[in-house]
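Hello,

Here is the structure I promised to pass on to you. Have a look at it first, and then read on for my notes.

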Amino acid sequence: MRHDAPASIRALLGSRVPGHGFPPAVYADPGLFDAELEIIFRRHWIFVGLACELPQPGSALALDVAGVGLLIVRGADGVLRGFVNACRHRGARLVAPGQATLRRILCPYHHWAYDLEGRLVAARQMGAGFDPRAHGLTPVHLRDVAGLLYAHIRDDPPADIDDLADAMTARLAPYRLDDAKVAHEEDVVEQANWKLVIENNRECYHCAASHPELCASFVTYDFGYDPASLTASQLAEAERHEARIAAATQEWEAGGHPSAAIEHLTGHPTHFRTQRLLMAGDGESQTRDGRAACTLKLGRLTRSDLGDVHLWGHNCWHHVMADHAVCFMIVPLSPTETLLRTKWIVHRDAVEGRDYTLDRLTEVWKATNRQDAALVALAQSGAASPVHVPGPYSPHTERQCEAFAAWYEQRMQAHLGASGSTPRLVARDDGRRAFA
Ligand code: FES
Ligand SMILES: [Fe+2]
């Protein structure tokens, strides 16, 4: 049964006990899911891909997110632009999902043609009064953050994308993610609500038991622990790690590599957290032995001990290391299904078989993704059951789940009208549509 009346959505959003997981319907309700697509995914900046996937004029990347086809194109002028991937005639999809190289954007239906900047340049038999200038592709806001592409579908994008850009440009510029390449890409459809996928990513409470490959390089203490529940030797290990990361952070920053944690969570429209993390073992990379998977370092890096620059957003997470980066994005498909898209990035000149092997490059996160997919499906099976009573997040190891849940509630409430009504589509004077 649908519960899409605005009042029921508002009631659902207000029904979480702080410090606890969401009530069952928040992971299953179709009406709430539709409102989330509109508010969280079309009215907030979302990660959509990498600039290096569009290396030259005419490069294009198409993907579907939140019921909208997005088309990113590098124009003849070299500028990346975002559009709605739908013809302005009768809406046909212009470019199939994935990467393409285009000379112009030709609609397969009645052959209207657009240039690489989105202008309509050919439309046959439309009559003397037809104005091609009024029928260019619908633009979508696009922001290149040090090679990570973020899109905002509706008008009035939050200005605090500048905070994300400032923080990440300082951290990622030496890695030249804009001049790298995607060595491998994997899609996994997880049988869980998108929020369970994000919650799972925001804690490592489950890591030791479930992620043997990841734990070879990942230090779970970084995301909190309860000193009272550790053995004396574990506590000593945790304290040694804290001392090491404090010293490394100081040394990295002194060397011009910003590293301290920055958290823009509740109170910020654009949700992100970043920190340069120290990896375990040899500390070079998220591989099974902690050593680099690619012999060529990213960008203009000369040292391999720069840790893992991690970045979280509300639809993504990233790990950027000296030898490679792994970028993850999620696309909600239904209240109970979420696409997880993972991309492994190496230096543009790295050659498979010489500088890296796909097996070694991808094995840790492929295994971790599989393990996480199983865990979130388990969580969905009970968390969305109508009789489930949500338990508390650990105040030590799941603080970031609470931070995400609180951000989500705040952003949903901010976009629901005072009356609790969902946004209404209205026509504007310039012919575009906007939500009122
Ligand atoms: S729908 Fe594209 S030309 Fe008709
Ligand atoms: Fe996990």
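Let me start where the two domains meet: seven residues of domain 1 are in contact with 14 residues of domain 2 (contact means that the C-beta atoms, placed from the backbone, lie within 7 Å). On the domain 1 side, strand 1 (residues 46-50) gives the most, with three residues. That side divides into six nonpolar residues, no polar ones and one charged. Here Ala, Val, Leu, Ile, Met, Phe, Trp, Tyr, Cys and Pro count as nonpolar, Asp, Glu, Lys and Arg as charged, and the others, Gly among them, as polar. Domain 1 spans 46-145 and domain 2 spans 176-399, with bounds from an automatic or database domain assignment. Their centres, taken over C-alpha atoms, are 33 Å apart.

A word on the source: this is a predicted model, in which local features need pLDDT of at least 70 and side-chain atom pairs count only at pLDDT 80 or more, while totals for chains, interfaces and linings use all residues. Residues are numbered from 1 along each chain as its sequence is written, and chains are lettered from A and ligands numbered from 1 in the order in which they are written.

Now the sheets. Helices (H or I, at least four residues) and strands (E, at least two) are DSSP runs, numbered from the N terminus, and two strands pair if DSSP finds at least two bridges between them. Seven strands form an open antiparallel sheet in the order 1-10-9-4-3-2-5. Its edges are strand 1 and strand 5 (98-101), and the twist averages 30° from one strand to the next. Within this sheet, five bridges join strand 3 (residues 68-74) to strand 4 (residues 80-84), and Leu70 has Val84 as its bridge partner. Another open antiparallel sheet has three strands in the order 6-7-8, with strand 6 (105-106) and strand 8 (120-122) at the edges.

Finally, a helix pair. The axes of helix 4 (residues 194-201) and helix 7 (residues 358-383) come within 10 Å and cross at roughly 125°; axes are lines fitted to C-alpha atoms, for helices over the stretch in contact, and angles run from 0 to 180 degrees between N-to-C directions. That makes helix 4 oblique to helix 7 (under 35 degrees is roughly parallel, over 145 roughly antiparallel, 65 to 115 roughly perpendicular and the rest oblique). Leu196, Val197 and Asn200 in helix 4 meet residues of helix 7 including Leu375, Val376 and Ala379.

Best wishes
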